[in-house]
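I opened the notebook to log what I looked up in this structure. Entries follow in the order I made them.

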Amino acid sequence: MNKIIKILIIILFNLSIISKVNSEELNQKKLDNLNKIKYLKKSLEEFRVNIKKIEKDPLSVKFIYAFKYSYYISKPPKPEKTIYLLKDVDNKSKHPLINEINMLLADSYLDLGIKEIKLKNHQKAKDLLLKAKKIISFISPKYTPPRKEGEPEDISFSYESIKKWQIASPENVKVFKKNIDDLIINMFGTIAEGKIYNDKGKKDYKGGINELEALNKLYPNTEIYYNHIGYALFFNKQVELGLKLMKKGVELFPKSGQMYYQFACISSLNKDKENAIYNLRKSIELDKKFLNYAKQEEDLKFIREDKIFNSLVK
């Protein structure tokens, strides 16, 4: 009995230590974040006060105020104010802070775009994201390296001190571009889907094709493009081209169950039983969810009585 009590005491003691360590780590992270925000706010205020002593530079003053409303400082950010301050800036300017200015402006358009996505205003969101993409393209790869170890952290009221905040560092720009590209591709796809598969009104196959072709011009050979273009072309009475692009889609994306499933549907609608069965089998092998889809899919009506179809969807 005493041994059991001792073991329990040891376990409880170890758990309390672990809990304490985790709590201390969490508190330290919070403290680090607070210190970072406090440091940036202090730096921002000091730079704002002293900017006139350096250059009497109106664009730098605009940047400072825009930075104040960005996600780096403002919680929540105020992208409309940042855009208002920086929208007339020449994105190709040779100003020492033009990379940072473009980054803030692009990020503000991204922020507004995400808000519109949440409101399901997809066209407006796409337009805002495309603005962000255009602005980010002006950021030059040349960049001042971050502060070296041992170098004083105090702000020296210069352009170089702001560059050390790494707002437009190559790493940040790379991640930003990837996020923007993914969102834009999805917006094109969402808008095209709304036109092609509209269940509440008249389907707009031509409009969907135009949207997908615009996507393919900006981002060639995406999976979203090939997922929908064949279907839209088929119903727009461009059957041969639709089938050709569906075939190319499964060649480019052989691990996409969605691609094979779309091809199966189009083949069934085209009364091509062999290809419909083959592509349906491939889609189910890649993703079991297509088994349930197939059971209720109207586009597969032509092969529904086939023995092989029934064996696939058991």
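**Terms first.** I call a residue buried under 20% relative accessible area, exposed over 50%, and partly exposed in between. Asp 181 has a relative accessibility of 22%, so I log Asp 181 as partly exposed. I also note that this is a predicted model.

**Confidence.** I checked pLDDT before anything else. The protein chain has a mean pLDDT of 81. I find that 74% of its residues reach 70 or more. Where is confidence lowest, and where highest? Helix α1, residues 2-54, is lowest with a mean of 54. Helix α8 is highest at 96. I marked one stretch separately: residues 150-157 have pLDDT below 50. Beyond near neighbours in sequence, that stretch still has 15 contacts in the model.

**Overall make-up.** I counted 14 helices and zero strands in the protein chain. The chain has 314 residues, and 40% of them count as buried. The exposed surface comes to about 19,300 Å². Carbon and sulfur atoms supply 56% of that surface.

**Salt bridges.** How many salt bridges are there? The count comes to five.

Lys 133 and Asp 181 form a salt bridge, with the closest N and O atoms 3.2 Å apart. This pair links distant parts of the chain. Lys 133 sits in helix α5 and Asp 181 in helix α7 (residues 170-196), 48 residues apart. Lys 133 has a relative accessible area of 24%, so I log Lys 133 as partly exposed. Asp 181, at 22%, is partly exposed as well.

Lys 126 and Glu 211 form another salt bridge, at 2.5 Å from N to O. Here too the pair links distant parts of the chain. Lys 126 is in helix α5 (residues 122-136), Glu 211 in helix α8 (residues 205-218). They are 85 residues apart. Are these two buried or exposed? Both Lys 126 and Glu 211 are buried.

Glu 116 forms a salt bridge with Lys 124. The closest N and O atoms are 3.8 Å apart. Glu 116 is buried, at 12% relative accessible area. Lys 124 is partly exposed, at 48%.

**Helix α13.** Which residues of α13 (residues 289-296) are buried? I find Phe 290, Leu 291 and Ala 294. Viewed down the axis of α13, these buried residues fall within an arc of 110°, so they line one face of the helix. The general rule I keep in mind is that an α-helix has 3.6 residues a turn, so residues three or four places apart point the same way. What do the buried residues of α13 pack against? Their partners are α11 (257-269), α12 (273-286) and α14 (307-312).

**Ser 268.** I then turned to a residue in helix α11, Ser 268. Its relative accessible area is 1%, so Ser 268 counts as buried. I left aside neighbours within four places in sequence and listed the contacts of Ser 268. They are Ala 276, Asp 299, Leu 300, Lys 301, Phe 302 and Ile 303.

How values were computed
Residues numbered from 1 in each chain as written. Predicted model: local features only at pLDDT ≥ 70, side-chain atom pairs only at ≥ 80, totals over all residues. Heavy atoms only, no water. Buried < 20%, exposed > 50% of the residue type's maximum accessible area, 1.4 Å probe, protein only. Helix = DSSP H or I, 4+ residues; strand = E, 2+ residues; numbered from the N terminus. Arc of directions from axis to C-beta. Contact = heavy atoms within 4.5 Å. Areas by Shrake-Rupley, 256 points an atom, 1.4 Å probe, with all protein chains shown as cover. Salt bridge = Lys/Arg side-chain N within 4 Å of Asp/Glu carboxyl O. pLDDT = per-residue confidence, 0-100.
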